[in-house]
Amino acid sequence: RSTGLDARHDLKLGDFADANFRKWIDFRIATLTDFVDEIGRTARSVSPAIMTIPEIYPGIEQEAVRLGADVYQMYGVADAIAHEYEFGDGDHMASSRSQLDWLLYQAGMLSFRAFAHGKATWILNYSWDGDKEVAPSDAMKNLAMSQIMAGANVWDAPGHSMAGSNDSKTRKEIFQWIGQHEKTFYSPRTPIRPVGVYFSPQSRNYDSAGFLPSYRGTLLLLLQKHLELQVVTPRTLATFNGPVLVLPNVSVLDENEKSSLRTFVARGGRLVITGTDTTALGETTGVMRFKECPAKARFDRLQSDFAGGSQDNPTAFLAAIDTSGALKIEAPPTVVANIASVNGAPHIFLANFTGLVPRKIAVPTPQTNVRISVPVGKGETLHVLPFLGEDRVLTGRSAGGRTVFVLPPLERGAVAWVEMRNQ
């Protein structure tokens, strides 16, 4: 009835180049999204205050296309989403995650937060399921730290069940600490001067193998280089105010998207296109093109041999996306940084995954000499709040026209914020 097609005979199953199979993909995603929307509308007709919170397994990856539950679309009709988030074929229990897995989960959760438009993102991942060489409390702390640094809400339960806890004492400690600092972690995070990275739902739907490694690879590169990023979507493209926008192997754009991109370039934005170019934009100083996507090539290498990313340095691409932001962070690539303004102050949310070994080592290697700097006059003190710790204030020193703050040893994670002179 919706398409006039007989799905048993009128499409080539699994052929993403087939127009009718693409219609089948679109139909399934739209049907499941409409179903959740109908549940919400029906429930609110009885009780206007009721909220609809679906639990969904697929995330940003190809599984969303295979199952038809697309969280990008679902955020538009649900009041919040509970993500039982996993991807690929591996065991993604927190105690069994590789360092690369931890980084990819950051990329996924930051994407969810961009899709949510202020709605809550609940993560229903699992921390520990009996690994003999890993303490349950360590796995729980790693999982909670990774989620709150991305701005997502925390849930944890024993094994793969939904009730109880692997360690009640640790659970209480984590939630009490979150409660004491919830305004720091869950107030709105406003971009400062980000590199935009475009999430294209249709490119993911029709060309997962081409788009996803470029998209995820770009996010990983920015996280590991400690550069501010903002995930941009078709819903937010027209209002994106950052200086640079990356289109990572985006193969599908509609006319509204193309118009917004033309406007972005016309007002002085820099558009960096990697791989496939479907923008129909001519040669102009506001558009830079990379025939091959450097982030995809880097991502492919990381998949086979993750060494913290230090072996890769796509110089030309990094120069193209340089936003010359005032905030600078010096840390190893196994420490990721999420940067945003919170309650008017620049915040850096740091997550340390250094030294973690699946099923063997669940205590990160503390990182010393992590540095944060701002131009002289932009801030003289820095607050540092370690995960499960207490706030302390650091005084910076002047060097080369900048005020430099050296953080105490970074254990699991920390949030730092600059106290501006006029505050």
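How do the residues of the lining of the second largest pocket divide into nonpolar, polar and charged? In this predicted model, the count comes to 13 nonpolar, 4 polar and 6 charged residues. The second largest pocket has a volume of about 490 Å³. Of the 23 residues along its lining, Ser324, Gly325, Ala326, Leu327 and Lys328 are the closest to the pocket centre.

The largest pocket, for its part, has a volume of about 920 Å³. Its lining is made up of 36 residues, and those nearest the centre are Arg113, Ala114, Arg189, Thr190 and Pro191. Several elements give two or more residues each to this lining, namely the helices α4 (99-116) and α7 (182-186) together with the strands β5 (189-190), β7 (229-232) and β12 (335-342). The largest share is that of β12, with 4 residues. By residue class, the lining of the largest pocket holds 19 nonpolar, 12 polar and 5 charged residues.

Is α4 mostly covered or mostly uncovered? The helix is mostly covered, as 17 of its 18 residues are buried. Just after α4 comes His117, whose phi is positive at about 50°.

Turning to the strands, an open sheet is formed by 4 of them in the order β11-β14-β18-β17, and their pairing is antiparallel. Which strands stand at the edges of this sheet? These are β11 (328-330) and β17 (397-399); each has a single partner strand, so one side of each is left without a neighbour in the sheet. Direction ignored, neighbouring strands of the sheet are turned by 30° against each other on average.

The pairing at the β17 edge can be followed down to individual residues. Strand β17 pairs with β18 (residues 402-406) in the antiparallel sense, over 3 bridges. Within this pairing, Ala399 has Arg402 of β18 as its bridge partner. At the other edge of the sheet stands β11, which covers residues 328-330. Lys328, in turn, is one of the residues closest to the centre of the second largest pocket, the pocket with which this account began.

Notes
Residues numbered from 1 in each chain as written. Predicted model: local features only at pLDDT ≥ 70, side-chain atom pairs only at ≥ 80, totals over all residues. Heavy atoms only, no water. 1 Å grid on protein atoms, 1.4 Å probe; cavity = no way out; pocket = protein on both sides within 12 Å on 5 of 7 lines; lining within 4 Å. Points joined across faces, edges and corners; volume = space filled by probe spheres on them. Nonpolar A, V, L, I, M, F, W, Y, C, P; charged D, E, K, R; others polar. Pairing = 2+ DSSP bridges. Axes fitted to C-alpha atoms, helices over the stretch in contact; angles between N-to-C directions. Buried < 20%, exposed > 50% of the residue type's maximum accessible area, 1.4 Å probe, protein only.
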